[in-house]
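Thanks for coming. I will show one structure and walk through a few of its features.

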Amino acid sequence: MDWKQALLQSWGWMAAFIFLILVTFVLSLATGVMPVGMNEIMAVLSGSGTPKQELVLLQLRLPRMIIALLIGAGLALSGSILQGLSRNSLADPGILGINAGAGLAVVLSIYLFGQSGGSLLAKPFFLPVFAFAGALAIAALIYRFSWKGGIDPERLLLVGLGFNALCGALLLILQLKMDPKDFQQAAIWLTGSIWGIQWPYVWALLPWILVLMPVAFIKARTMNILQFKQEVPVALGLRVESERRLLLCLSAALAGACVAAGGGIAFIGLLAPHLARRLCGPNYFSNLPLSALIGAALVLIADMIGKNLLAPADIPVGIVISVIGAPYLIIMLLTRKGTGLKA
Amino acid sequence: MARTAADITEHMQPVHQKSIKWGLAGIVLVLIGLLASIGLGAIWIPPSVVWESFVSFQGGQIEHQLIREVRLPRALTGALIGAALAVAGTIMQGITRNPLADPSIIGITHGAGLAIAIALAFLSGGSYWVLLIWSFAGSAAGALLVLSFSMLSKERISPVTLTLAGAGLSTLFSALSTGIALYFQTAQDLSFWFAGGLSGTQWRHVYILLPAVFLGLLLSLWISRSLTILALGEEVAAGLGQSQQKVRWIGLAAVILLSGAAVSIAGAIGFIGLVVPHMVRLLIGSDYRWLIPLSAIAGALLLVLADIGARMINPPFETPVSAVTALIGVPFFLYLSRRKRGYM
């Protein structure tokens with residue numbers, strides 16, 4: 001039962017990140033355009049705050065922060081799964097074009113169904129479905145095109161970059177046809193901002209994460225075996241290709257749901273699993289939960305920075321993440337030795 | 001060294017007849033493309049009228065005016081930008097020895113985009129020239145950053161690593177520019193600039209491009225022989241006493257000049273610099289003394305055709321030409337990335 005061992009070994013870091021999330025949660029709840037003190041937070045939580053405080057905390061900040069946590073965890077898991085199945089530490093749903101595919105599907109649906117694009121964006125339960133369809137379509141294309149007697153990790157990345165560019169071109173065509181109001185909305189959304197800050201969006205995203213996360217954890221053993229070269233998984237009786245396809249669907253579903261709620265936040269799927277691997281090693285029994293925690297913490301922190309740095313203006317969380325993530329990626333690329341999951 | 005010497009003579013034939021043939025054919029095709037580009041549009045102008053407007057120009061005739069003031073500068077700008085981007089791509093692929101290098105993939109265009117976003121936000125009412133200079137500086141900064149990754153590192157950086165570093169840098173630049181544009185509410189202005197393309201080009205663009213492309217081509221041809229030797233391997237080049245540092249700096253200057261001018265006028269037109277050098281290499285091999293001029297011709301042809309396509313896909317609206325070149329270029333990129341590594 002190596003999962004118990006893995007969890008025991010990484011227990012310290014998991015506790016540390018849970019603590020970090022709790023601290024950030026409280027800080028983020030208290031800060032913003034209208035600062036709220038600790039006592040007032042306690043008052044609101046116990047049901048005796050003023051209506052205005054209740055509105056700010058319970059209707060505006062709380063759902064937004066919960067969405068941030070869910071998106072962070074979901075994208076991190078999606079990235080971790082992608083890295084596992086491609087045996088490449090640089091795979092990320094954002095870089096590979098899966099986010100862009102989901103974004104394209106959503107923008108296309110905004111464009112097709114009604115000029116008042118806002119009306120569709122106001123239907124939170126449909127968005128993840130469109131986004132999932134787009135993410136899955138792109139994932140399938142990437143898989144198909146990087147298949148050449150096997151999946152070569154580098155080929156997968158390059159093919160993904162190509163599809164990312166293709167989705168970008170198609171998005172550009174669509175965007176220029178929109179009226180300025182829809183355009184602004186789509187632009188903000190694509191950059192990755194947690195804009196759906198109402199409870200319905202939480203309820204739209206939560207089931208996806210709640211269902212898919214345990215599936216990912218169940219698949220940890222498969223992913224551990226997939227880290228070996230092709231012969232070993234086959235010798236161990238693993239149906240490698242069907243497992244890979246299943247994992248790819250899982251990853252696309254997670255990314256799609258998150259993109260629907262938070263737009264195209266890049267780099268989380270890259271950073272979180274990579275950090276997790278640095279801290280606790282390559283075992284997926286510990287990598288998956290730790291990645292999810294790190295991802296949740298990162299998006300929550302980035303959102304807090306984004307809403308306070310230039311207040312009252314909101315910096316989309318995707319921009320904050322990119323500013324942290326891109327230098328990290330470049331340093332990682334330039335200092336790593338070899339390829340694959342060693343980095 | 002025996003193998004090396006043989007390789008060099010094989011790569012550098014004194015008279016490259018195949019290249020001359022392809023070059024002449026290319027020039028004829030570019031001329032036909034230019035004529036088509038002038039004739040096609042919202043109003044179809046038959047070639048006879050196009051010809052008349054050149055030989056016996058009549059200021060009173062509206063079609064002649066249209067040709068002189070709108071269609072002709074646009075066609076020429078397209079040809080010059082196509083040539084510039086293709087040669088910039090050729091040089092980049094040569095000095096980084098990376099078959100996937102292209103101004104749009106490795107962060108130069110997004111560097112210019114960031115500079116434009118800053119200029120749009122902070123220099124209200126900035127004149128056309130100010131924007132042009134900013135965009136130029138931005139693409140230069142992007143080029144310096146990305147190419148310094150491959151030039152400063154001791155080990156050779158693999159194509160995948162450089163491409164990814166470029167993609168990361170592009171994401172960073174575009175996130176920053178989107179942030180600035182959203183904050184100052186100039187997002188759609190930025191997008192229109194970025195999608196750019198060739199609509200609205202005027203004679204002044206031709207006048208800016210001509211010296212930049214000319215100088216860039218001269219610099220490129222200056223190092224063409226060294227690039228051919230570099231393509232045989234760094235050891236060979238060093239063995240022949242070649243100063244690689246000097247070649248790289250001249251190449252970088254050419255890339256900045258060519259792609260900077262192209263990007264500041266037409267925005268993000270991707271993949272020309274990726275596709276063209278490979279196609280030309282398939283035709284005539286990798287002697288850069290021929291590769292560079294032929295890439296210029298083929299790049300001009302490709303962008304003129306793509307621009308015609310951009311006008312024909314969905315008339316009367318113009319499809320962004322960057323989208324057209326991406327639709328052409330991505331399949332090619334996919335094909336290249338499916339090939340065995342170490343191709344070049």
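Which residues touch the most other members of the largest nonpolar core? They are A:Ile81 and B:Ile81, in a core of 221 residues. A nonpolar core here is a set of buried Ala, Val, Leu, Ile, Met, Phe, Trp, Tyr and Cys residues joined through side-chain atoms within 4.5 Å. Buried means under 20% relative accessible area, exposed means over 50%, and partly exposed is in between, with a 1.4 Å probe and protein chains only.

Some bookkeeping. This is a predicted model, in which local features need pLDDT of at least 70 and side-chain atom pairs count only at pLDDT 80 or more, while totals for chains, interfaces and linings use all residues. Residues are numbered from 1 along each chain as its sequence is written, chains are lettered from A and ligands numbered from 1 in the order in which they are written, and side-chain values use heavy atoms, with hydrogens and water left out.

Back to A:Ile81. Leaving out residues up to four places away in sequence, A:Ile81 touches A:Ala216, A:Met223, A:Leu247, A:Leu250, A:Ser251, A:Leu254 and A:Leu288. Contact means heavy atoms within 4.5 Å.

Next, the two chains. Chain A puts 46 residues into the contact and chain B puts in 40 residues. The area buried between them is about 3500 Å², and carbon and sulfur atoms give 78% of that. Buried area is the accessible area (1.4 Å probe) that two parts lose on being put together, summed over both. How many salt bridges are there between chain A and chain B? The count is zero, where a salt bridge is a side-chain nitrogen of Lys or Arg within 4 Å of a carboxyl oxygen of Asp or Glu.

On the side of chain A that touches chain B, the elements giving two or more residues are α7 (127-146), α8 (153-176), α9 (180-192) and α16 (317-335). Helices are DSSP runs (H or I, at least four residues), numbered from the N terminus. Of these, α8(A) gives the most, with 15 residues.

A:Thr24 lies in helix α2 (residues 11-30) of chain A. Its relative accessible area is 5%, so A:Thr24 is buried. Setting aside residues up to four places away in sequence, A:Thr24 touches A:Leu300, A:Ile301 and A:Met304. In chain B, B:Asp307 lies in helix α14 (residues 288-312). B:Asp307 counts as buried because its relative accessibility is 2%.
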